[in-house]
Amino acid sequence: MLADKVALVTGGSRGIGAATALRLAREGADVVLTYATAKDHAEDVVAGIRRSGRRGLAIPADSAAPDAVGAAVDRTAATFGRLDILVNNAGIYPFGPLDALTVEEIDRTLAIHVRAVLLAAQAAARHMTAGGRIITIGSNLAERVPHAGITLYAASKSALTGLTKGLARDLGERGITANLVQPGSTDTDMNPANGEDADQQRALTALGRFNSAEDIAAVVAHLAGEGGRTTSGSSFTVDAGANA
Ligand code: NDP
């Protein structure tokens with residue numbers, strides 16, 4: 001249980017982030033979430049957090065902006081008095097031929113998927129005490145790239161392996177853990193289970209199925225709780241066996 005803990009989930013307005021915010025609240029945490037543009041969705045998630053009897057807050061914070069996530073971290077600690085759990089989830093899915101990639105797209109993707117994660121962790125570590133948890137959502141595509149068109153996405157997500165291991169070493173002596181959860185195909189707006197290439201994705205899995213967002217939230221909740229006490233610097237691939 002996460003009673004009296006305070007969590008921040010980036011990109012908590014939809015999909016995996018929303019499911020994670022609601023799950024952490026059900027486990028007893030007060031939860032702040034950030035979003036890019038979907039204010040209504042974010043407020044719906046906050047209402048769900050409050051229905052669990054916990055405090056919730058939605059903060060607009062574009063992870064591509066250098067100062068936004070650090071400010072959201074500081075506001076979380078200032079509003080709720082502490083920060084115990086950071087879930088770096090906000091993400092995008094750049095897809096297309098290698099030749100069409102632009103410098104702007106490369107910079108924006110790396111800013112959201114890597115720089116914002118590092119800056120959020122840096123800011124969070126200033127507030128966390130022993131027992132703090134930093135959990136980042138990567139992708140199983142960091143381990144295996146099954147088709148063309150995702151070089152940038154895969155590169156941005158594989159950077160999180162070293163980032164997470166580095167954080168584990170930097171923060172371990174303070175009793176703070178850092179771990180990476182790498183989902184495979186997960187039914188969200190980003191990758192609907194009834195989308196154009198969903199059957200192809202399903203065919204790659206051992207279990208023949210998509211994850212639900214709640215499947216990923218369950219792994220995050222485990223790592224955030226007492227069960228994650230001695231796990232740090234590790235990656236958990238949750239992909240219905242796609243990379244098996
Ligand atoms: P969704 O597109 O369903 O939701 C994305 C969330 O991230 C939204 O809350 C969105 O906010 C937020 N977000 C996007 N860009 C920014 C930004 N610049 N600043 C702040 N918030 C932002 O995606 P998923 O839930 O599917 O993905 C969540 C994470 O899981 C991502 O990191 C993704 O790469 C990863 N993942 C997803 C997989 C899948 O199959 N779905 C597989 C593997 C990894 P808003 O609502 O305001 O747009």
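Predicted model: local features only at pLDDT ≥ 70, side-chain atom pairs only at ≥ 80, totals over all residues.
Student: Which residues come nearest to the ligand?

Tutor: A residue is near a molecule if its C-beta atom, placed from the backbone, lies within 6 Å of it. Here there are 32 residues around the ligand, and Gly11, Gly15, Ala38, Gly91 and Thr188 come nearest.

Student: Which elements give two or more residues to that shell?

Tutor: Helices (H or I, at least four residues) and strands (E, at least two) are DSSP runs, numbered from the N terminus. The elements are helix H1 (15–26) and strand S2 (30–35). H1 gives the most, with three residues.

Student: How do the residues of the shell divide by class?

Tutor: Ala, Val, Leu, Ile, Met, Phe, Trp, Tyr, Cys and Pro count as nonpolar, Asp, Glu, Lys and Arg as charged, and the others, Gly among them, as polar. The shell has 12 nonpolar, 17 polar and three charged residues.

Student: At what angle do H1 and helix H7 pack?

Tutor: Axes are lines fitted to C-alpha atoms, for helices over the stretch in contact, and angles run from 0 to 180 degrees between N-to-C directions. H1 and H7 (residues 213–224) pack at about 50°, with their axes 8 Å apart. That makes H1 oblique to H7; angles under 35 degrees count as roughly parallel, over 145 as roughly antiparallel, 65 to 115 as roughly perpendicular and the rest as oblique.

Student: Which residues of H1 and H7 meet?

Tutor: Contact requires C-beta atoms, placed from the backbone, within 7 Å. From H1, Gly15, Ile16, Ala18, Ala19, Thr20, Arg23 and Leu24 meet H7 residues including Ala213, Glu214 and Ile216. By class, the contact of H1 with H7 has 11 nonpolar, two polar and two charged residues.

Student: How do helices H3 and H4 pack?

Tutor: H3 (residues 68–80) and H4 (residues 103–127) have axes 8 Å apart, at an angle of about 25°. That makes H3 roughly parallel to H4. Among the H3 residues that meet H4 are Val69, Gly70 and Val73. This contact has eight nonpolar, two polar and one charged residues.

Student: Where does UniProt place the Ketoreductase domain?

Tutor: The unreviewed UniProt entry places the feature "domain: Ketoreductase" at residues 5–186. Over residues 5–186 the chain is 47% helix and 18% strand.

Key
Residues numbered from 1 in each chain as written. Contact = placed C-beta atoms within 7 Å. UniProt positions renumbered as here; feature names shortened; annotations may be inferred.
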